[in-house]
Amino acid sequence: MSVALGIDQSPVLESTGLSKSYGRIQALVDVDFAIGPGEVVGLVGDNGAGKSTLIKVLSGAIAPDAGAIQLKGSPVRFRNPADARQKGIETVYQDLSLAPHLSIADNLFLGREIIRAGAGRWFGVLGRKEMITRAQQILDELHVTVRSMKAPIAELSGGQRQAVAVARAVLWGESMIILDEPTNHLGVEEVDMVLQLIRRVKLRGIPVVFISHTLPHVLEVTDRIDVMFLGRKVKSLVTEDTSLDEVVAYITGSRG
């Protein structure tokens, strides 16, 4: 299935013919996917539709049996998630992968710590001042408010934790960000904060893949919606031209 992007818009990431099987189970069947700069694409479907398998392929967690991926016009093969992260693809899973006992700045630079220049480099001394400054800068740019940059993650609300995880993805994900159920288990105000955050990421020109079962949230912030059904992508809908009923019809298989 061809994918229509905006006028004069080349895909940041484009996949063609992705397939993945586990024995007799076909998790992905000939799936095409594309996303352009600053585009928010919703990825929806029932349980077992193939959403998780697709994002694991795009993020390097699993290798496809067939198909190809191009990133910024060049073919890529991800051997593991580290390969994808090196190419600027960041994924925020439902568990957020945050260390609750560490500070916000420590979490934003977890595994990518800044080492102090000069003699400190020989002893691996962390450049905490620079890390805090850069962490505060990215939170300010995304309009994320926290009591203190030194506060441990455990003291933050669910929405604030999600915001920190997204901010970390923005800090390192220059190519694409994948958000897996980012509004799950959040209150109304926290959901609104996360949706506003997605809009601000879009304004930075970073493509966002938004996976969610909560369709009103998907309809609120996306440009397009790709519907998965039994391992296949059955429809790509322009958000402003579709409706909740139409999306549900494709998810359940009563259309397409």
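This is a predicted model: local features need pLDDT of at least 70, side-chain atom pairs count only at pLDDT 80 or more; totals for chains, interfaces and linings use all residues.

Let me begin with Arg 255, which counts as partly exposed, because its relative accessibility is 40%. Leaving aside neighbours within four places in sequence, Arg 255 is in contact with Glu 246, Ala 249 and Tyr 250. As a reference for distance, the C-alpha atom of Arg 255 is separated by 37 Å from that of Arg 85, and the two residues are 170 apart along the chain.

Just after the helix, Gly 253 adopts a positive phi of about 90°.

One of the covering elements, strand 9, contains Asp 226. Is Asp 226 buried or exposed? Asp 226 counts as buried, because its relative accessibility is 0% and the cut-off for buried is under 20%. The side chain of Asp 226 makes a polar contact of 3.4 Å with the side chain of Arg 224. Beyond four places in sequence, the contacts of Asp 226 are Phe 33, Val 41, Gly 42, Leu 43, Val 44, Lys 233, Lys 235 and Ser 236.

Let me close with the chain as a whole. The protein chain has eight helices and 10 strands. Its radius of gyration is 19 Å, close to the 18 Å given by the globule rule for 256 residues, so the chain is as compact as a globular protein of that length. Along the principal axes, the C-alpha atoms fill a box of roughly 60 × 40 × 40 Å. Of the 256 residues, 49% are buried. Taking contacts between residues at least 6 apart in sequence, 66% join residues at least 24 apart. The accessible surface comes to about 12,700 Å², and carbon and sulfur atoms account for 50% of it. Finally, the chain carries 28 positive and 29 negative charges, whose mean positions are 8 Å apart.

Notes:
Residues are numbered from 1 along each chain as its sequence is written. Side-chain values use heavy atoms; hydrogens and water are left out. Helices (H or I, at least four residues) and strands (E, at least two) are DSSP runs, numbered from the N terminus. The radius of gyration is taken over C-alpha atoms; the globule rule is 2.2 Å times the number of residues to the power 0.38. Buried means under 20% relative accessible area, exposed over 50%, partly exposed in between (1.4 Å probe, protein chains only). Contact means heavy atoms within 4.5 Å. Accessible areas come from the Shrake-Rupley method with a 1.4 Å probe; for residues, only the protein chains shown count as cover. Lys and Arg count as positive and Asp and Glu as negative; His and the chain ends are not counted. The place of a charge is taken as NZ of Lys, CZ of Arg, CG of Asp or CD of Glu. A polar contact is a pair of N or O atoms within 3.5 Å; within protein, one must be able to donate a hydrogen and the other to accept it, and residues adjacent in sequence count only if both atoms are side-chain atoms.
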